[in-house]
Amino acid sequence: RLPSSTGVYLLGPGLRESPVLEEAKMLPEYFADHGYLTRGAGKVYHGGGNQETFQAYGPRGNAGPLPPVGEKINYKQGHRLWDWGAFPDSDDKMPDVAVAEWAAEQLQAERDRPLFLAVGFNRPHVPLYAPQKWFDMQAPLDEIVLPDVLDDDRADLPAYGRRLTAGFPAPRHDWMVEQKQWKEAVRAYLATISFVDAQVGRVLDALDRSGRTGNTVVVLLSDHGFHLGEKQRWAKRSLWEESTKVPLIIAGPGIEPGRRCSQPAGLIDLYPTLAEHCGLKDPGGLDGASLSPQLKDVDTERGPAITTWWVGNHAVRTQRYRYIRYADGSEELYDHRADPHEWHNLVGRPEHAKTIARLRKHLPAADHPALKSNTALGVAPEDHAFFGVRK
């Protein structure tokens, strides 16, 4: 279900606290109802509650380890999670390693029923920490390739969009440039990618050793994207491409390997996709649409993907366009054929009026009021300066 359907827009409250979801079947519950063993570990459901939707749960994983208070490496100020550099001194101190090892054990265990396994790795996430050996795999600092950034990129944004993406708790881009930390942070991000790739490899190697690769569907995904200076921004919390585009790889029986699909899709589509591909009946009541047609033919067209960031702020992504509408009615439009970096907001140009009118029709018909949250960053955005939007 989309946030606009449930009222769960932030890190909390728990999903069951939404009146819409009180009786809903979560994905692992649905597979359990159809005879599957269900297991989970790590950063699933953001690593907090809702583990009860699995029959068994392994290590929860977390952002740690963290240096002692006051001993951050490169970003001395700000939120404790915002830092980057080589830390700790060995892989066995990284929680993701324990998650990978536990997942490998589940895959190789004897069982008489099919298995649904969700494995959530924390990296690549702030703090951008990994042991030194993963940094040594990257290019030297002076050879790190930085993303393309337009100096006045934010000049054509509506005021609401500028305030919503102003920064906090991430460092501001001008600080990263002035303090010569841009390449340091990008290199750290790459190091965490190499580290987590190795943990994914542990899980896939265990699957191969189990002898069950031929009848297993594997889905690799991320929960969100990440700005590394693009649009003069760091972290997530935007409706632009860098925040909302994630890797999505599906492999398994009946899926031709090596094919790429350029049709828009959302993570909301995975529930119906997995249910259909595994031969389960239609769950019903879902906002997503199955990707099974695209798994059979990558050129099969489908509708746009919708992303929401707080009440009334939505992005509509088609193959060609990204259209954004904010809660105050202001808008952005980008043509990815001509402008893959989303540098030029086309709103206000008469030749694009019909395109905007067509894309508006895909916005959610209504926005569920936000539920009161119980997380540190989960109170209403208008109550927090880091959202920059006040009533």
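Reply: Start with Trp175. Its relative accessible area is 17%, so Trp175 is buried; buried means under 20%, exposed over 50%, partly exposed in between, with a 1.4 Å probe and protein chains only. This is a predicted model: local features need pLDDT of at least 70, side-chain atom pairs count only at pLDDT 80 or more, and totals for chains, interfaces and linings use all residues. Residues are numbered from 1 along each chain as its sequence is written, and side-chain values use heavy atoms, with hydrogens and water left out.

Me: Why is Trp84 called buried?

Reply: Its relative accessibility is 1%, so Trp84 counts as buried.

Me: What makes the pair of Trp84 and Trp175 edge-to-face?

Reply: The ring centres are 6.5 Å apart and the planes stand at 75°, so the pair is edge-to-face. Rings of Phe, Tyr and Trp (its six-membered ring) pair if their centres lie within 6.5 Å; planes under 30 degrees apart count as stacked, over 60 as edge-to-face and the rest as tilted.

Me: Which parts does the pair of Trp84 and Trp175 tie together?

Reply: Trp84 lies in strand 3 (residues 84-86) and Trp175 in helix 6 (residues 173-178), so the pair ties together parts 91 residues apart in sequence. Helices (H or I, at least four residues) and strands (E, at least two) are DSSP runs, numbered from the N terminus.

Me: How many aromatic pairs does a search of the whole structure find?

Reply: The search finds 16 aromatic pairs.

Me: Why is the pair of Phe31 and Phe116 called tilted?

Reply: The centres are 5.0 Å apart and the planes at 35°, so the pair is tilted. Phe31 sits in helix 2 (residues 27-33) and Phe116 in strand 4 (residues 115-120), so this pair ties together parts 85 residues apart in sequence.

Me: How do you know whether Phe31 and Phe116 are buried or exposed?

Reply: Phe31 has a relative accessible area of 2%, so it is buried. Phe116 has 13%, so Phe116 is buried too.

Me: Which residues do ring pairs link into a cluster?

Reply: The cluster holds Phe31, Tyr36, Tyr45, Phe54, Tyr57 and Phe116.

Me: How many helices and strands are in the chain, and why is it called as compact as a globular protein of that length?

Reply: The chain has 11 helices and 13 strands. Its radius of gyration is 21 Å, close to the 21 Å that the globule rule gives for 391 residues, so the chain is as compact as a globular protein of that length. The radius is taken over C-alpha atoms; the rule is 2.2 Å times the number of residues to the power 0.38.
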